Amino acid sequence: MSLQVQELSFGTRLRHRIGVVADSFRRNPTMLFGVAVLTLMAASAFLAPWLGLPDPMQQTPRERLQPPSAEALFGTDMYGRDLFSRVLHGGQVSLVVGLSVAALATSIGLFIGLISGFIRSVDAVIMRLMDALMSIPSILLAIALVALWGSSVQNVILALTIPEVPRVVRLVRSVVLMLRDQLYVQAAIACGTSTPRILIRHILPNTIPPLIVQATYICAQAVIFEAYLSFVGAGTPPEIPSWGNIMAEGRMFFFQTAGIILYPGAFLALTVFAINTFGDGLRDALDPRMQRRV
Amino acid sequence: MYVYILRRLLATIPIMGLVAVFVFMLLHLSPGDPAVIIAGDFANEEQVDKIREALGLNDPLHVQFGRWLIDLLQGDMGESIYSGMPVTELIGQRVEPTLMLTLCTMVIAISLAIPLGVIAAWKVGTWIDRAVMTLAVFGFSVPVFVIGYLLILGGSRTLGWFPVQGYTSIFESIPGFLSHITLPALTLGAVYMALIARMTRATMLEVLNEDYVRTAYAKGLATRKVLVKHALKNAMVPISTTIGLGVALLIGGVVVTESVFAIPGLGRLTVDAVLRTDYPVIQGVILVFSFTYVLLNLLIDLTYVLFDPRIRY
């Protein structure tokens, strides 16, 4: 005897999901604002080398700390480098770090969380390890890691990923624990479906919507934390312009040209704000159960 | 109750033990020779050997860990590589500014954020609600040090009300302490306030839909009484959880805030240690902050009984 189940094709389900997201754009104009700002930020950061701007590293000592003008929209820094060009280029590091940390932390956390939630024998051990990792304040842990590993963009990404993993594990695990008691999962177990297949076919798809929402928040946080790390001197190497670096180097000159902190700061804040509003919108669209939470 | 507290305290021991193992392993899991990492790129062979000797890095790992743990249990966290001073002493000297800054921040943030969250929930959907929520998102999005510099620009430079930087101990002069602590506390508190205000609003919105709130209104209680005594009290458990977990944000923010305002606290100590790869100091600071964080959250768990008499320990 075989059990035939009519499944909706992948295409149909994808179209449905896209429809849900499109609907939420209509209902939630601030989400559209978030996406627009993010697109603009990404475009200006990654197209910056082709915009005909001055080289962000080009030092012209005679023109140091100039106020904004037609040639240098945001003025120049203490080495006479064009601040506008540096701020646009600086977006690359922040966006790459934010996206990579979000992608890495959610995939590692998803993997560990699925195992921890479904295979009870390892759950206690994994969760105690995660509890301990969560007891170390994340920025401190990241600072220590970069201090030991040396400053490079990869190390910053890894150092910011590790403290985020336990939070993802907890989220995934709680979803899995809820799902394993659902009738359809019990039925799958009763049918003799293998554990990997249950995890991948039946449980994994349901963890994705809350995970995507979580990923946006991790991304926003990582963008801010990258700036913190650079600011305390344990971040992106100084020769690469990043928003954190520009502000860290410029702090001595803040009272001469406030723009050296305020321009990159404003770009950073706007980006994080956009990611957060995008995340809030996605949450309302993808995960109705979470709507009433923070 | 006391048995419960004792049991919870004992339950934190394995967690703290694991934290200690993590912190110990940080250095040894890093790629490369720990002594070379600590000595930095410009050290010669002799300096590296000296560090290896001083930290006992020649011994097998479990011997090193055992020795380190026994020292730690006796309150000995080793010596700073840079200054040669005991880490415990270095930390002891720097505790007061950080503790005061964190406490002031918590007092200011909690006493502003909870009322704001309550009002936003009460006036949900109005401009007041939207204004509070916009402020909260602003607090989440602007990095701590940008807020710090903005406040310095406004409060010290333009208005001249506060000193730009520095710190005065509360034991030396109370007005001096207050004028030095206000801007850093506001800076550090922004994210924390945003977090608490959002959580307060969300929980209050749920509670305000409950039957007993309608009953309280129906029997003619004043709005304020309903909001504070009936609704807020029931919303306090999740709010205090957030207050506890948010301290992790404060600890991260302290490192940055102390740099901006030149406050000689633990955050400043951390930054200096990072710049010099003074590993014993970094290790010590992480341990102290993590243990404080764990204990504080335990303490907050215990306060639940104040808000919800159904919870008994």
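Two residues are in contact here if their C-beta atoms, placed from the backbone, lie within 7 Å.

Before clicking further, note that this is a predicted model, in which local features need pLDDT of at least 70, side-chain atom pairs count only at pLDDT 80 or more, and totals for chains, interfaces and linings use all residues. Residues are numbered from 1 along each chain as its sequence is written, with chains lettered from A and ligands numbered from 1 in the order in which they are written.

**Stop 1**

Helices are DSSP runs of H or I with at least four residues, strands are E runs of at least two, and both are numbered from the N terminus. Ala, Val, Leu, Ile, Met, Phe, Trp, Tyr, Cys and Pro count as nonpolar, Asp, Glu, Lys and Arg as charged, and the others, Gly among them, as polar.

**Stop 2: chain A as a whole**

Show chain A as a cartoon and you'll find ten helices and zero strands. Of its 294 residues, 45% are buried, a label that takes 20 or more other C-beta atoms within 10 Å of a residue's own; 12 or fewer makes it exposed, and anything in between partly exposed, with C-beta atoms placed from the backbone.

Next, zoom to P237(A), in the loop between α8 (195-231) and α9 (243-250). P237(A) counts as partly exposed because it has 14 C-beta neighbours inside 10 Å. Leaving aside residues up to four places away in sequence, P237(A) touches S151(A) and S152(A).

**Stop 3: the largest nonpolar core**

Which residues touch the most other members of the largest nonpolar core? Select V101(A), A142(A), I143(A), A144(A), V146(A), V232(A) and I196(B), out of 166 residues in that core. A core of this kind is a set of buried Ala, Val, Leu, Ile, Met, Phe, Trp, Tyr and Cys residues joined through C-beta atoms within 7 Å. Click on A142(A) and its partners include A159(A), L160(A) and P163(A), not counting residues up to four places away in sequence.

**Stop 4: the two domains of chain B**

Over in chain B, colour domain 1 (2-73) and domain 2 (90-307); the bounds come from an automatic or database domain assignment. Their centres, taken over C-alpha atoms, are 32 Å apart. Twelve residues of domain 1 are in contact with eleven of domain 2. On the domain 1 side, α1(B) gives the most, with nine residues.

**Stop 5: a helix pair in chain B**

Finish with α11 (residues 266-275) and α12 (residues 279-307) of chain B, which pack at an angle of about 145° with their axes 8 Å apart. Axes are lines fitted to C-alpha atoms, for helices over the stretch in contact, and angles run from 0 to 180 degrees between N-to-C directions. To see the contact, show L266(B), L269(B), T270(B), A273(B) and V274(B) in α11(B) meeting V281(B), I282(B) and V285(B) in α12(B). By class, that's seven nonpolar, one polar and no charged residues.
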